Structures are given as structure tokens and as C-alpha cells.
Amino acid sequence: MAKDGEKGGWKDFIWNPRTREFLGRTASSWGLIFLFYVVFYIFLAGLFALTMYVMLQTLDDHNPTWQDRLATPGMVIRPKADETFEIVYDIEKTESWDSYAQALDRFLEPYNNTVQAQKNDVCTPDKYFLQEDSGDVKNNPKRSCQFNRTFLDKCSGVHDRYYGYQEGKPCIIIKLNRVIGMLPGNNGQAPYVTCGAKREDTDKIGDLQYFPANGTFNLMYYPYYGKKAQVNYSQPLVAVKFLNITANEDINIECKINANNIPLGSERDKFAGRVSFKLRINTNN
């Protein structure tokens, strides 16, 4: 009998036909609870939406309010094999260096003269291309300066489709990471790239040739205003051609940016403003 009573008690708790209660509450009680939570969560959603709206009013779609960046921008090279900074190939084996030439072709395609002429302007060299806003009136979209592939001359792939790899005089292309608002240089001095071998390989690197002349990033490509404000921006490039590097040996090379207002790498980031890589050219000799 006790078990039957317990069973009946649970049944009455789930649904009591005498009081018409479900789980101990009447329909009106459940309705009030449901209404409370609906109103409560609508209030929370409205408060969240209002907070987001107010915050978004303080943001500029074209320029980040805050930038957490190093004082010295990073550098990268092309071609780059996977995630390594090693360029190793055999002159006699076309398949070992053809992938490098193809990678440079793909990388430089947006820099074709015809493409640049269609979307970018011919600018005044050695002068910042400033495009400031006029009060609350945004000067968007901002224009960009042409960087034509032919500026890289012997490393453009126009005159030599293999970029010197087939004759043991390879080209490496360097670019600086984009930094919004950076003006890299004081008193009209443009930043420039220098490359050299690590101490143990100094006598193996041979002669270098830079394109454009002196390995400069012309001032007319700065400042950069951001991807949304400057949709057609083309980063300036510097090409380095190795003319007579020692073959059949690993050569450790470091390239760095030089500017009178960009500090060299610090203890926080020793590789800021520079890039290191290994170059090895194998021959049968």
C-alpha cells in the first residue's frame, strides 16, 4: 500500500486532476513564469544591442581606433618554400628551381604595368602621398601609387622569366609589413634595404644588385591608410640579385631595413625590421 501511495503521489505531482496543476503549478502560474523570462531576456538582448550600437558609433570603419604594433615593421621575402626560410636548388635540375620562378610570377602578377595603370596613380616620387580627411568628411576611398613590375628591372621576370635561378644568380624579393599611418623616414630620406651574410659566411655572398636603385622603398607609397580606405594599395618591393654567390655551400643571409626614424630590433623582438634566410645553390662542379 505504501508503494501504491508513493506512486500515486508522483502521479499527482506531475498532473493533479483535482487542482489541475502540472508539476505543482497551475497553467496561469506557468504562464506568468514564462512571461517573466521572456521579458527578462528581451531586456538583456536590448541592453546588449544598445551597448553594441553605442560602441560601434565610436569606431571608424576605415581606420582602427587603437593599434598595438611594434615600432619596427617586420619583413618578409619571396619566394618562400612552405613555412621555411630556405632557398635550396640545383642549377642542373630545372624542377628544383622552377617552383621558385612560378611563385615569383604569381606574386608579381598584381604588379603588371597594365594592372597598375588601370587602378593606381602616377605619383610624385620622394614625397609622402598624404590624403588627409577634411574634418568629418572622409576622403575615401583613398588613391594609391603605381608600383610597376618593371621597377624591379632584372628581377621583374619580364626580361628573364626565370629570375636568374637557371644561371645561379637568383633574385629575392623583399617587402615590409603594412603599418597604418607609418611615415618611414625623416627629412626626405627614404628607407632602404641592405643584405649581407652572417659573420661566418661573409666571404661567400659575393656581389649584390638592388632594384629599385639602392634598394629603396620610395616615400610616395606612404602613409598606408588601411585595407578598406585604400583598397588598391600596392606595397612597394625591393629585389636583391645575387651575382656571384659561392656555390655548393649554405650561405646564411640577413636583410634589414634602414631608416632614420625606424629603430632596429629590440630585446622584445630581435627580428623586427629584418629577415634571415639560407641560400644554397648546388652545381655539378
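**Close-up views of a predicted model**

**View 1. Surroundings of K175.** Beyond its neighbours within four places in sequence, K175 is in contact (heavy atoms within 4.5 Å) with G74, M75, V76, R78, F107, F217, Q235, P236 and L237. K175 sits in strand β5, which covers residues 171-176; helices (H or I, at least four residues) and strands (E, at least two) are DSSP runs, numbered from the N terminus. With a relative accessible area of 17%, K175 is buried, where buried means under 20% relative accessible area, exposed over 50% and partly exposed in between (1.4 Å probe, protein chains only).

This is a predicted model, in which local features need pLDDT of at least 70 and side-chain atom pairs count only at pLDDT 80 or more, while totals for chains, interfaces and linings use all residues. Residues are numbered from 1 along each chain as its sequence is written, and side-chain values use heavy atoms, with hydrogens and water left out.

**View 2. Surroundings of F129.** The loop between α4 (113-119) and β5 holds F129. F129 counts as buried because its relative accessibility is 17%. Leaving out neighbours within four places in sequence, its contacts are C123, R143, S144, C145, L219, M220, Y222, P223 and Y225.

**View 3. F129 and Y224.** These two residues are 95 residues apart along the chain, and 9.1 Å separates their C-alpha atoms. Across the protein chain, 76% of the contacts with a separation of 6 or more join residues 24 or more positions apart.

View 4. The protein chain has 4 helices and 10 strands. Their order along the sequence is α-β-β-α-β-β-α-α-β-β-β-β-β-β. Of the 285 residues in the protein chain, 36% are buried.
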